[in-house]
Amino acid sequence: MLRTGCLLRALRFFSSAPCPRHKPSGRLSVRDALRAQHTSGERVKVQGWIRSVRSQKEVLFLHINDGSSLESLQIVADASFDCRELAFGSSVEVQGQLVKSPAKRQNVELKAENITVIGNCDAKAFPIKYKERHPLEYLRQYPHLRCRTNVLGSILRVRSEATAAIHSFFKDRGFVHIHTPVITSNDCEGAGELFQVEASSKIKAPEGNFFDVPTFLTVSGQLHLEVMSGAFAQVFTFGPTFRAENSQSRRHLAEFYMVEAEISFIENLQDLTQIMEDLFKSTAMMVLSNCPEDVELCHKFLAPGKKWGADLQTEHEKYLVEHCGNIPVFIINYPLALKPFYMRDNEDGPQHTVAAVDLLVPGVGELFGGSLREERYHFLEQQLARSGLTEAYQWYLELRRFGSVPHGGFGMGFERYLQCILGVDNIKDVIPFPRFTHSCLL
């Protein structure tokens, strides 16, 4: 407590100590400028990129966007400001008066007193053309430029908002955030689709192997979360995972983000599925509340034919019953309702199984996967011995020897979640820099 008090006193001292301060520049984001309720001609500065230019005899109109909102800010300037450098894509700084707009479609506009071109853009050579709705397949060729389009801008703002919403969900419920490692010696999924990590040939590695054991890029943080669940009742992680799948399908990436949680002292599947459902609903509600224009744009232009009230049909449910064995499956009913749909027991299956659940989404596939973990020491010991993994996973057995508790957890594919709420068909379009087989641009 003494050290904490010293730290707080030091922070207060530095906060109150006199120091030269720059006068506020009056810089506004486009989003804040558009939200201004009372405009009395105050002078402000806006920086961004030109989205459109319209020159009339005595007036020049520009639309400026800085990525803070889907809508751009209209700049009204004297025709004398018109020049070839004021072109689509150029970056500019505009100083002037924020005034009420006479136009019906906007509340405010910026009456320019000074326009400075910061970076020129050759509009003819620029691959993204003004007023042209480029297909997402075309934009994937330009991962360094596609974020400047309206649709990718909307997707990435939603992605940012969803990230914040997920962290907020877990924080509000008392979960501890764990940074699980990207480099691991475990194959959590057991599928063998791993990227192996080796030191560069330029580095003189120790004899045999840099880490003394084979290491891989993680496919899941589950095992590390299980370790932490022995000390913290509720933990989660949110980070990149990797699969060396030789697939270019619209549902697969080599690098993607996973939201994973582990809960101690949980003994039934219903409690676990309730957390999964709450996470989905809470995050989606925050996104819809804070990014309505961005979500609407995606629904309008990327999923115009999607029936957001549609459910899986009876024949689909029958197929799941016949092929999914004893795994409970939750089927999403757009936009936010979840319907429990439990599978019959599989009499031909193994005698010992852990309770598991999947969340399936029409058009996306598996969104959530979760289960209650096997905590019986002797059963795990037999299974590992049968597989010849006792030595490698001795630490996992020790978790069951020293104060083990019933626990369970789940994982949610973040990109698939974005596909689900935005109606985006291809997973490569909801991540800033997609990595998949034969493609690693940038």
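## Aromatic pairs

Phe 175 is buried, at a relative accessible area of 9%; buried stands for under 20% relative accessible area, exposed for over 50% and partly exposed for what lies in between, taken with a 1.4 Å probe and protein chains only. Phe 170 is buried as well, with a relative accessible area of 0%. The structure is a predicted model, in which local features need pLDDT of at least 70 and side-chain atom pairs count only at pLDDT 80 or more, while totals for chains, interfaces and linings use all residues. Residues are numbered from 1 along each chain as its sequence is written, and side-chain values rest on heavy atoms, with hydrogens and water left out.

A pair of aromatic rings is described by two quantities, the distance of the centres and the angle of the planes. Rings of Phe, Tyr and Trp (its six-membered ring) pair if their centres lie within 6.5 Å; planes under 30 degrees apart are called stacked, those over 60 edge-to-face, and the rest tilted. The count by this rule is 13 aromatic pairs. Phe 170 and Phe 175 form an edge-to-face pair, because their ring planes stand at 65 degrees, with the centres 4.9 Å apart. A tilted pair is made by Phe 368 and Phe 410, at 5.7 Å centre to centre and 55 degrees between the planes. Phe 368 belongs to strand β15 (residues 365-372) and Phe 410 to strand β16 (residues 407-413), so this pair ties together parts that are 42 residues apart in sequence. Both Phe 368 and Phe 410 are buried.

## Ring cluster and charges over rings

One aromatic cluster is formed by Phe 238, Tyr 257, Phe 280, Phe 414 and Tyr 417. Tyr 257 also has a charge over its ring: the charged end of Arg 159 sits there, 5.4 Å from the ring centre. The rule for this asks that NZ of Lys or CZ of Arg be within 6 Å of the ring centre and within 35 degrees of the ring normal. Arg 376 provides another case, with its charged end over the ring of Phe 379 and 4.9 Å from the centre of that ring.

## Helix α11

Which residues of α11 are buried? They are Phe 414, Glu 415, Arg 416, Tyr 417, Leu 418, Gln 419, Cys 420, Ile 421 and Leu 422. Helix α11 (residues 414-422) is largely enclosed by the rest of the structure, because nine of its nine residues are buried. Gly 423 follows α11 and has a positive phi, near 75 degrees. Helices (H or I, at least four residues) and strands (E, at least two) are taken as DSSP runs and numbered from the N terminus.

## Asp 294

Asp 294 is part of helix α7 (residues 292-301). This residue is buried, with a relative accessible area of 5%. Leaving aside residues up to four places away in sequence, Asp 294 touches Leu 70, Ser 154, Arg 157 and Val 158; a contact has heavy atoms within 4.5 Å.

## The barrel

Five strands, in the order β1-β2-β3-β5-β4, close into a barrel with mixed pairing. On average, neighbouring strands of this sheet are turned by 55 degrees against each other, direction ignored. Such angles refer to axes that are lines fitted to C-alpha atoms, for helices over the stretch in contact, and run from 0 to 180 degrees between N-to-C directions.

Strand pairing requires that DSSP find at least two bridges between the two strands. Ile 64 stands opposite Leu 73 in β3.

Seven of the nine residues of strand β10 (residues 234-242) are buried, and the strand is mostly covered. Two bridges connect β10 in parallel to strand β6 (residues 176-177), with His 177 opposite Phe 236 in β10. To strand β11 (residues 255-264), β10 runs antiparallel and is joined by nine bridges; here Gly 239 stands opposite Met 258 in β11.

Three strands form an open sheet in the order β7-β9-β8, with antiparallel pairing. Its edge strands, β7 (183-184) and β8 (196-197), each pair on one side only. Two bridges link β8 to strand β9 (residues 215-217) in the antiparallel sense, and Gln 196 stands opposite Phe 216 in β9.

## The chain as a whole

The chain holds eleven helices and 16 strands. Of its 442 residues, 42% count as buried. Among contacts in the chain with a separation of 6 or more, 66% are between residues 24 or more positions apart.
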